[in-house]
Amino acid sequence: MNTDHRPVYIDLRKIKLPVSALISITHRLSGIYVFFITLPLMLALIYFSTKSESSFNELSLFLRDHKFVLGLIVLSFSILWYHILSGVRHLIMDAHIGESLQAAKYSAIFTIFFWIITTCFVFWRIFL
Amino acid sequence: MKGSTIWYLQRSSAIINLFYIVYVFYFIYSSELTFEAWNNFFYSSIMIFLTLCFFVSVIIHSFIGLWIVGTDYLTRRTIGFLSYRISKHADIFRSIYTVVFSLFGLSYLVVSLTIIFK
């Protein structure tokens, strides 16, 4: 057990995360989401779209009429997209590129903005 | 397994997943998506091989990732920040969590195999 009895300050509402730490924790959270929601959705989409021609047509009609389900699917894939973007950023940093404090900060901000813009664009193209 | 092996497995599986997803999305985006085109693409022998590699690689990647998340957050120390009493059972929580996500991963593998070899 920990013998150090100094208080540990762990009030999550008051801790200010640097943006590079924010991208790290959201990469993990998005990974969990992708595993438990996007992957089964992906499997279901592949299953129904390759089963038979009538099943393929039923699926496309279903998604055209049920915008909520389509929205959930697009949202799930956009979270996978976020996981990919922040993952590529981590891979680049693993190659010792952009490891300085300033570079990490700007690449994190860039990643988040790039994700927001591309996601908004995809939602706009699909729903409007 | 050595830590460095796990580190390299995590990164190389990530790159395999990335290329597969980019490839499939490029096909979906660039073609008129009819059943015939999609079916011919998905059940071509090269795609069967790639899909198989993809799902094995996804299972490896997500097992390592979720296992790391578990050993980071479902520990006596981390749960202890919330409640000392609950933190004493942290090892049990982590075991349950590991079993649950392993079963999920196993079922994904079974479903993907039945889709590929229908």
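This is a predicted model: local features need pLDDT of at least 70, side-chain atom pairs count only at pLDDT 80 or more; totals for chains, interfaces and linings use all residues.
Local features are reported at pLDDT of at least 70 and side-chain atom pairs at pLDDT 80 or more, whereas totals for chains, interfaces and linings use all residues. Residues are numbered from 1 along each chain as its sequence is written, and chains are lettered from A in the order in which they are written.

Within chain B, helix H1 (residues 3–30) packs against helix H3 (residues 45–73) at an angle of about 135 degrees, the axes being 8 Å apart. Helices are DSSP runs of H or I with at least four residues, numbered from the N terminus. Axes are lines fitted to C-alpha atoms over the stretch in contact, and angles run from 0 to 180 degrees between N-to-C directions. H1(B) is therefore oblique to H3(B); angles under 35 degrees count as roughly parallel, over 145 as roughly antiparallel, 65 to 115 as roughly perpendicular and the rest as oblique. The crossing of H1(B) and H3(B) is left-handed, a term used if the near helix is turned anticlockwise from the far one by less than a right angle. Residues of H1(B) in this contact include Ile6(B), Leu9(B) and Tyr20(B), and those of H3(B) include Leu50(B), Phe54(B) and Ile64(B). Two residues are in contact if their C-beta atoms, placed from the backbone, lie within 7 Å. By class, the contact of H1(B) with H3(B) comprises 11 nonpolar, six polar and no charged residues. Ala, Val, Leu, Ile, Met, Phe, Trp, Tyr, Cys and Pro count as nonpolar, Asp, Glu, Lys and Arg as charged, and the others, Gly among them, as polar.

The axes of H3(B) and H6(B) come within 10 Å and cross at roughly 175 degrees, so H3(B) and H6(B) are roughly antiparallel to each other. Among the contact residues are Phe55(B), Leu66(B) and Trp67(B) of H3(B), together with Arg94(B), Phe101(B) and Leu109(B) of H6(B). The contact of H3(B) with H6(B) divides into 11 nonpolar, six polar and one charged residues.

Between the chains, 17 residues of chain B are in contact with 19 residues of chain A. On the chain B side, H1, helix H2 (35–42), H3 and helix H6 (90–116) each supply at least two residues, and H6(B) gives the most, with five. That side has 12 nonpolar, four polar and one charged residues.

The crossing of H3(A) and H1(B) is left-handed. Ile84(A), Gly87(A), Leu91(A) and Asp94(A) of H3(A) meet Arg11(B), Ala14(B) and Leu18(B) of H1(B).

The largest nonpolar core has 11 residues, including Leu80(A), Trp81(A), Leu66(B) and Phe101(B). Such a core is a set of buried Ala, Val, Leu, Ile, Met, Phe, Trp, Tyr and Cys residues joined through C-beta atoms within 7 Å. Helix H1 (19–51) and helix H3 (67–94) of chain A each supply at least two residues of this core. Leaving aside neighbours within four places in sequence, Leu66(B) is in contact with Ile32(A), Phe35(A) and Phe101(B).

Leu80(A), in helix H3 of chain A, is buried, with 21 other C-beta atoms within 10 Å. A residue is buried if 20 or more other C-beta atoms lie within 10 Å of its own, exposed if 12 or fewer, and partly exposed in between.
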